[in-house]
Amino acid sequence: MNCQKLKDWFDERYDTSALKKFAGEKLVPSHRHDLWYYTGGIIVFLFSIQFITGMMLAFYYVPHADFAHKSIIEIVTKLNMGWFFRSLHHWGSQLTIFFLFVHLFAVLLLKSYRKPRELLWFSGFILLGIAVFFGLSGYLLLWDERAFAAVRVATGGSGALPIVGPFIKAFLRGGIDVTGETLTRFYAFHVSILPLATVFLMVLHVLLVQVHGMSVPLSLKEKNLPQTPFFPNVVYKDMAVWLVVLGVTVTIATLFPPEIGQKADPLAPTPENIKPEWYFLFLFQTLKLFPGEILGLNGETIAILLITAGIFALFILPLLDRKSRLGEKSTLFTLIGVVYLLYFLIMTLIGYLS
Amino acid sequence: MKLAVFLIFMIFFKVPLLWGQAKQAIEVFPSTPFYQYIIYENLAIFWIAIIGLIVIIRMKLREIERVQKLGLDKTDHRPGVPLPLEDGENGGDREGF
């Protein structure tokens with residue numbers, strides 16, 4: 001298809017030569033770790049799937065405690081391909097968070113956060129936090145007994161934080177307990193506040209990548225690496241990877257459509273063996289390690305404080321790792337990265353199996 | 001008598017079924033074998049299409065790499081468009097090119 005007339009029409013009105021020049025000259029280094037570059041593109045692609053399927057579900061979802069559960073059952077059982085789009089949205093979210101963790105640990109272990117890329121790390125880290133909150137808020141929208149209990153536990157946990165905890169808990173719940181108010185609040189977060197924040201941070205993140213260029217691991221910095229043009233070579237490779245990811249997501253969504261439990265009943269006892277989503281399992285398992293009371297202090301509060309401190313330390317890691325900032329090898333922070341990764345994997349596995 | 005039998009039947013057989021139905025899992029996937037067959041068939045076609053597209057992308061990529069290796073991508077020349085004139089050239093021979 002030749003759109004020369006349309007291109008000429010556009011070129012007469014807007015000067016895109018600088019943009020074309022930039023795209024034509026952008027180079028991506030080729031090395032043994034360049035596989036990790038694709039995880040960023042995969043996340044952008046999965047977020048796009050989430051936006052599209054989410055908008056389709058929003059046409060039929062009713063964000064009210066009395067009708068939410070019924071509206072989802074109707075989406076799944078009565079609408080043409082409704083079950084598929086709901087399943088695709090569910091598995092898309094799982095894979096987005098999975099690839100966000102993969103991307104985070106790849107950046108952490110390859111030290112791609114080092115100067116001058118600190119802002120990239122911060123924006124990416126906040127994006128992960130937003131994605132996790134996306135998952136939690138979306139989980140409650142189902143309004144079944146398991147989602148209800150999980151959100152009660154998660155919001156209750158935030159209340160254990162000293163000083164700000166009760167405020168955060170009340171703000172998230174919209175009251176003392178998880179009610180229809182919480183559902184409305186989480187719906188607002190899920191469909192308006194979080195998507196806006198995501199788009200803003202993703203644009204910022206991608207722009208920062210363009211400003212700084214692709215990161216090269218310290219061990220390969222001195223080597224004269226071959227460069228591949230971003231357009232069209234890397235774009236075509238990205239497209240092939242996206243096709244595989246799309247195929248995998250669609251296959252999982254078809255073969256394993258997520259279950260819908262019984263409608264949430266605030267007065268009913270919490271279901272047995274309730275577990276949070278897999279990305280909360282390491283936190284859940286850590287909380288289990290702590291006794292109810294430590295030296296007269298609330299064990300849960302201490303656990304939440306330690307977890308918060310651990311996450312905050314990871315957030316400010318680029319500021320702590322001075323050697324990497326100076327372009328030197330820092331074994332200590334590689335070890336710290338490995339410890340974080342192993343802790344996450346082992347605790348998630350124990351949480352899953354227990 | 002008929003009424004008593006009817007009520008007993010309703011109470012012992014039909015009413016518990018209502019609770020039984022309520023506890024049944026909600027179907028999240030079409031249960032009809034016909035629709036299931038169509039879904040799995042479409043999934044297979046979808047994968048064939050993906051593999052086909054990947055093969056096309058790979059072929060295209062190889063061609064691009066070949067052109068880049070030959071250095072042909074460096075020229076600014078678009079096929080069918082006259083080459084830019086050198087200084088001093090009047091382009092007389094190229095008119096109507």
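In H5(A), the residues A:Phe105, A:Leu108 and A:Leu109 meet A:Thr334, A:Gly337, A:Tyr340 and A:Leu341 of H15(A), where contact means C-beta atoms, placed from the backbone, within 7 Å. This contact of H5(A) with H15(A) splits into 5 nonpolar, 2 polar and no charged residues; here Ala, Val, Leu, Ile, Met, Phe, Trp, Tyr, Cys and Pro count as nonpolar, Asp, Glu, Lys and Arg as charged, and the others, Gly among them, as polar. The model is a predicted one, with local features needing pLDDT of at least 70 and side-chain atom pairs counting only at pLDDT 80 or more, while totals for chains, interfaces and linings use all residues. Residues are numbered from 1 along each chain as its sequence is written, with chains lettered from A and ligands numbered from 1 in the order in which they are written.

Now for the geometry. The axes of H5(A) and H15(A), residues 331-353, come within 9 Å and cross at roughly 160° (axes are lines fitted to C-alpha atoms, for helices over the stretch in contact, and angles run from 0 to 180 degrees between N-to-C directions). The two helices, H5(A) and H15(A), are therefore roughly antiparallel, a label for angles over 145 degrees. H5(A) passes H15(A) in a left-handed crossing, that is, the near helix is turned anticlockwise from the far one by less than a right angle.

H6(A) and H9(A) make another pair, with axes that come within 9 Å and cross at roughly 155°. That makes H6(A) roughly antiparallel to H9(A), and their crossing is left-handed. Their contact holds 20 nonpolar, 9 polar and no charged residues.

Next comes the core. The largest nonpolar core has 58 residues, and A:Leu46, A:Leu140, A:Trp143, A:Ala147 and A:Val151 touch the most other members. Such a core is a set of buried Ala, Val, Leu, Ile, Met, Phe, Trp, Tyr and Cys residues joined through C-beta atoms within 7 Å, and buried means 20 or more other C-beta atoms within 10 Å of a residue's own. H5(A) gives the most to this core, with 12 residues. Leaving aside neighbours within four places in sequence, A:Leu140 is in contact with A:Ala147, A:Val151, A:Thr182, A:Leu183 and A:Phe186.

Chain B, for its part, has 2 helices and 0 strands (DSSP runs, H or I of at least four residues and E of at least two, numbered from the N terminus). Buried residues make up 0% of its 97 residues. Its contact with chain A takes 16 residues from chain B and 18 residues from chain A. On the chain B side, 14 are nonpolar, none polar and 2 charged.

Technical notes:
A residue is buried if 20 or more other C-beta atoms lie within 10 Å of its own, exposed if 12 or fewer, and partly exposed in between; C-beta atoms are placed from the backbone. Two residues are in contact if their C-beta atoms, placed from the backbone, lie within 7 Å. Angles under 35 degrees count as roughly parallel, over 145 as roughly antiparallel, 65 to 115 as roughly perpendicular and the rest as oblique.
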